[in-house]
Every structure is written in structure tokens, then in C-alpha cells.
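Here is a short report on one protein chain fold. Look at the structure first, then read on.

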Amino acid sequence: MFDKRLIQELSDALPYIIKQVCCQWLSLICNMIFTLSLCYMFVLFINKTLVLDQIIRIMIILCMTFIIRGFFLKRQSHYAYLSASQTKRTLRTKLFDKIMKIGSHYQDYVATSELVQLSVEGINQLETYVSLYLPQLFYSVLAPVTLFIVTLFFDIRCAIVLLIFVPLIPISIVLVQKFAKKLLTKYWTSYTTLGDGFLENLQGLTTLKIYGSDAYKQQQMNIEAENFRKVTMRVLIMQLNSISVMDIVAYGGAATGSFFALLGYYQESVSLFGALFIIMMSFEYFIPMRQLGSYFHIAMNGAAASEKIFKLMDIEIDHQSHHKLNNDIMSIDIDHLDFSYDEDRQILKDISLSIDKGFTGIVGESGSGKSTLAKLMMGYYHSDRVYIQNIARSQLDDTDFMHHFVYVTHDPMIFKGTLRDNLDYLSQYSDDMLWKALEKVKLDGYFKNQNGLNSEILESGNNLSGGQKQRLNLARALLFDGDVYIFDEATSNIDVESEEAILEVVDQMVKTKKVILITHRLSSVKQCDEIYVLDKGKLVESGNHESLRNKHGLYDQLFRQQEALEVYQS
């Protein structure tokens, strides 16, 4: 099994592989010199001509070859480490670069959990392919040829017999390759499926506990784990069976070669020295191939992972994300936009709008497509119908775009660490700047009563309320100081105090920034310059608050319903 594509991608590791093969070959030469010396000493002993000087010389040769062989084996391990390190570095860099080129909508092509598995476990499997299997593949060809040439000097018949048995091992490998490839593809599919399910259930464990569904999910996980166990056992059975076949060939070939060597000695066509050397070195013909066979199944596992990696790396990007935004007005235009996550259900239908004013609201009932529209603006999903400064969003450089646009979601990511860690990733803000941002969102008093900027934040912000997490996320966004802020249901499911604090910040922001407020609470958008109303994926109304109320359409209907509900709740 020789993957040309993989070799091309890992050209930086080839020099280490060549050096590794050279060290293996030189250690074989040392082994042959060691064996020749032993055979020579044994023949002298049998012939009763062995003297002390000869013993000393032979022992010196044996010690020297032993030390030199140890040196070459150590260098071989070193080059294997270097080739493995280079392989992981190269593949992870290329994979990361590809994801960066695809952009924030990479999930259209691969799940995040599968991407993590491929970049960690998958590439670790390829490390074995490059550092062990490939050098052994080349050495397995070089070693028998070298031994064949040396054995020819002692007996042609034995050399030919031993050489004939050598190809039987790779033939047995080839016979199982087709079956192994299919089986290992199933193995990786089962592995990624199990990983996807485990990650999802782990993230949603609290929800599952609340609704008493954890036992049901456990049963599903048990089924997936059992499927993975079965396919893993099939892989192990295949490996053990093929190794047994290789052992039979190797031991059978060595025994046959030794038999012909003894037969030649009996017929006096082979000297005692030659017969001893052939018997002692006969198994060396098969050790390289036997070792190659033991690496083969691990290499096949890596090759199965490489197919998935290369499939991701071969994704054709039909857009060039290289355009950059200037500091002019950040106009946003959407032209006849249709979007769906799958063919069965269309989310957005023929949406056309322009956002060029300072404060814009996008409203509608749950499921009307508001958040999807925001994610399309941010480039999380690919579309050629969204334009920023008359440039298609898909053609904008993501890194440059993120310097101008800030997306504030209703479910912020809060990291484990300190308050400072969550506000200042790059240590670029002064303490005074951090406290001013916290003051704007009315969190300064709370954290001053804790441990200040060194206050401990638990994983996912579990020691903060929903409103506090949302305000901390807003403080982080304020420090970033972008040009356009998109608030996606930023005031949903939080306490009144936090909602008021956030809306006060928004009121101040619209004086200097372009703000897009996406919400289902219509009272939050009364001050907007322009309001767009979505209904079941369609844009049905637009205008400011007063004009929309006077139209007596959907906006007015929803506003009156919410107003009546708030009066009732009060």
C-alpha cells in the first residue's frame, strides 16, 4: 500500500524517511558482519584452530559492530521521531489553513467533532504510516535484495529459495487490503458517529437530566458503543489472522532455507561456514516483511483517516476571500436571498433589503429566520446574495471582516479562567479600560465585591447568572470597538436589570456605531431608524415604528399582543 498523494503532501518528511532507511540498512550490514564473525569463530572452534589472538580480534569486531549497530538504530529512532513530528505539523497546518480558507461556514462540509477527531486521532494514525510503515516498506525491499546478494556467494540454490518466499508476505497483505479498506472505513465512520453523539450528549447533559431523558440517550450511546466495539473487534480479528498467515510464511521460508543449507552441507556443495551463515541469517530475510505486515493494519487505519482529511482538503472553494473593507459607511445589502439548511425546508425566501442607517431592527416571531439572516451577514453560512460595501460577503477576507463586525449572541461563550481572561485575550487593554467597559454594562460593582479582575469564572460561566454572562459578553464586545454590532436576541431569557443595562448600552452605541438589533420583543426597536419584519422566512414589512403601527399589519398586530401581555403580567 503506497499512497502517492500522501507522499506528495508530506514531501518535507521524505529526507528523514530516507535517512531512516539508510540507518536500517547499515544496521543490517553490521548484523551480517556480526554473524559472519560468529560463524568464523565457530568454524575455527570446530576445526580446533581457534587461538587466543583470534578470539580477541573477533570479540573486538563483535563489540564494535554491536556498538555501531546500536548507534544506527538510535539514529533510526531519532529520524522516525523527526518524520512523525514533521508529518503532524505539516498536515495540521494544511488542514487548519484549509478551514481558514473555507471560513466560518466550514460546518457546511464537516462537523466540528469530526474535524477534531481527524486533526488529532486521524493525524496521529498517519504519524505511524509515515514514521514506521513507509521506511519499513522501502527497507523490506532493500534488505532481502542485500541478503540475496550476500547469500549468492555461499549457495545459489538457498539464495533463490529464500528470495522466492519473501514476496509471499506482501501477497498475503494485498489479498486482505481490499477487505481491510472497507472495514476500516466502517471503523472510522462508527468512531466519528460515536464521538458526535458523545459530545452532543455531554453538552446537553443538564437538559437531559431535567427532562428525564438521560436514560434514553444512554441506551442510544450504548448501541453506538456496541457497534463501535463490534467493528473494532472485526479489525482486531483481521489483524490477528493476517499476522498468523505472515508468521507461517516467515517461519516456513526460514525453515526451508535452513533445510536447503543443511542439505547443501550434507552434499558438500556448501561449506560449514556458509551453512551456518545461511541458517543464522535466513530469518532476517523475513523479519523486514514481517514487521511491515504488523505496521500494515495501523497504516491502513491512517490511510482511512487520510481519505477523510484529503476529502476535506480537496473541497473546491468557489469564492476568493481576499477583498478587504475600507473605513467608509458599512452598507449592507441583501439581494433576492433564498436560503435553506436542507432541501425539505426553505428558511429564507426572496429577501431583499438595505441597511445603511445607524440603528436597524429585524423582528419577527420565533422561527421567522431572523438569526439565520444574521449568520448569513456574518458569513457563518455561504451566500453570494449578501453584500458589504457592494462586495459579496463570500469574497471578503474573514479576518479583516471580523475587525469591523461584532456578533453578540443570546448564548455567549464564557471561558474558564479569570474575569481578565474573558475580557482581554491578548493583554492589550489597560485595567482602566476594562473597568470602564464593566461599568457601562453595570458589572463593575459586582466584581469589585469579588476578586476584581482576578475573579474566578467557572466553565461556561456557571457561577454567573444568564444576565451577567450576557453583560460580560457585551463588555467584551465594547472593548473590541468594531464598526457594526449585530445583536441576535441579546436580551432574551435574562433578568429585567440586565435587559435594561444592555438596552442602555445599545442606546449609547447607536450614536457612533451601526447597530442591528434582532429581537422578538418589539418594544426594544421603537427607536430604530428602520425596522424589517420577517414572517415565515419572508420580508413582509419595513419602516420605522410609527409608520409600521399606522399600517395596521403584522408589526402592529404583534406589538399590540405583546403590549397587552406585558400589561397582564404587571
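The text below covers a helix, a strand pair and a pocket.

This is a predicted model: local features need pLDDT of at least 70, side-chain atom pairs count only at pLDDT 80 or more, and totals for chains, interfaces and linings use all residues. Residues are numbered from 1 along each chain as its sequence is written, and side-chain values use heavy atoms, leaving out hydrogens and water.

Start with helix α2, residues 14–46. Its 33 residues reach 48 Å from first C-alpha to last, close to the 48 Å expected at 1.5 Å a residue. The expected span is 1.5 Å times one less than the number of residues. Helices (H or I, at least four residues) and strands (E, at least two) are DSSP runs, numbered from the N terminus. After α2 comes Lys48, with a positive phi near 60°.

Next, the strands. β1 and β2 run antiparallel, joined by 7 bridges. Strands pair if DSSP finds at least two bridges between them. Ile332 has Ile355 in β2 as its bridge partner. A hairpin of 2 residues links β1 to β2.

| Element | Residues |
|---|---|
| β1 | 332–342 |
| β2 | 345–355 |

Now the largest pocket. The largest pocket holds about 1600 Å³ of space. Of its 38 lining residues, Asp411, Pro412, Met413, Ile414 and Arg476 are the closest to its centre. A pocket is an open set of points on a 1 Å grid over the protein atoms alone, where a 1.4 Å probe fits, with protein on both sides within 12 Å along at least five of seven lines; lining residues have an atom within 4 Å of a point. The volume is the space filled by probe spheres set on the points. Helix α16 gives the most to this lining, with 7 residues.
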